[in-house]
Amino acid sequence: MQYAWPLVADVRTVGRSRSVVRDELTSLNLSDDLIDDAVLMVSELITNAFLYGDGPYELALHVDAREIMFVVVDSSPLLPAPSPDDMSAEHGRGLRIVARLSDGFYGCHPQRYITHPDLVGKATWFALPREGTPGNVVPIRSGT
């Protein structure tokens with residue numbers, strides 16, 4: 001399954017996006033912890049896109065039997081980079097949060113927009129496994 005939403009650079013968009021993400025993931029019967037982590041990470045990626053990227057913006061959700069993946073696309077060519085460690089800083093911890101909560105399954109690459117297929121932007125993403133969530137355990141068969 002794949003879903004995509006265009007995003008408007010507005011202070012209310014981040015809150016609305018959190019609600020959409022929570023609703024979509026709740027409908028997939030995922031664990032509350034996974035949903036909470038995904039909502040926080042999406043919020044961080046959208047905020048970073050608005051602060052450091054250029055429009056148009058979009059949020060995409062890809063779901064398969066093994067994982068969920070969220071992608072935030074913007075048109076800036078500048079790649080995101082974690083800020084230096086400064087626990088007193090008001091900004092700069094978003095990518096560190098994403099890296100930690102996704103166990104390092106995050107990144108950035110060029111990608112076509114889903115909502116504007118004629119445009120190419122920068123996709124910042126993270127992925128989380130669906131394994132271990134109620135009703136969504138995927139058995140992995142070994143070669144033995």
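Colleague: How many of the 10 residues of β5 are buried?

Modeller: Eight of them are, so β5 is largely enclosed by the rest of the structure. Buried means under 20% relative accessible area; exposed means over 50%, and partly exposed lies in between (1.4 Å probe, protein chains only). Helices (H or I, at least four residues) and strands (E, at least two) are DSSP runs, numbered from the N terminus.

Colleague: What should I know about the model itself?

Modeller: The model is predicted: local features need pLDDT of at least 70, side-chain atom pairs count only at pLDDT 80 or more, and totals for chains, interfaces and linings use all residues. Residues are numbered from 1 along each chain as its sequence is written, and side-chain values use heavy atoms, leaving out hydrogens and water.

Colleague: In what order do the strands of the sheet run?

Modeller: Start with the general idea. Strands of a sheet pair through backbone hydrogen bonds, either parallel or antiparallel. Here, two strands count as paired if DSSP finds at least two bridges between them. Five strands form an open sheet, ordered β1-β2-β3-β5-β4, with antiparallel pairing.

Colleague: Which strands stand at the edges?

Modeller: β1 (2-7) and β4 (106-112) do. Each has a single partner strand, so one side of each is left without a neighbour in the sheet. From one strand to the next, the twist averages 25°. Axes are lines fitted to C-alpha atoms, for helices over the stretch in contact, and angles run from 0 to 180 degrees between N-to-C directions.

Colleague: Which strands does helix α2 touch?

Modeller: Helix α2 (residues 32-52) packs on the sheet and touches β1, β2, β3 and β5 (120-129). Its direction makes about 165° with that of β5. Contact means heavy atoms within 4.5 Å.

Colleague: How many bridges join β2 and β3?

Modeller: Six, in the antiparallel sense, between β2 (residues 57-63) and β3 (residues 67-74).

Colleague: What does I68 touch?

Modeller: Leave out residues up to four places away in sequence; its contacts then include L25, L30, L34, L61 and F126.

Colleague: Which residues of helix α3 are buried?

Modeller: In α3 (residues 94-101), G94, L95 and V98 are buried. They cover an arc of only 95° around the axis, which puts them on the same side of α3. The arc is that of the directions from the helix axis to the C-beta atoms. Their cover includes α2, β4 and β5. After α3 comes D103, whose phi is positive, near 55°.

Colleague: How many salt bridges does the structure hold?

Modeller: Side chains of opposite charge can pair when their charged atoms come close. The cut-off here is a side-chain nitrogen of Lys or Arg within 4 Å of a carboxyl oxygen of Asp or Glu. The structure holds three such bridges. One joins K122 and D74 at 3.3 Å, N to O. K122 lies in β5 and D74 in β3, so the pair ties together parts that are 48 residues apart in sequence.

Colleague: Are K122 and D74 buried or exposed?

Modeller: Both are buried. Now take D36 and R22, with the closest N and O atoms 3.0 Å apart. This pair links D36 in helix α2 to R22 in helix α1, 14 residues apart. D36 is partly exposed, at 37% relative accessible area, and R22 is partly exposed at 35%. In another bridge, R12 meets D10 at 3.0 Å, N to O.
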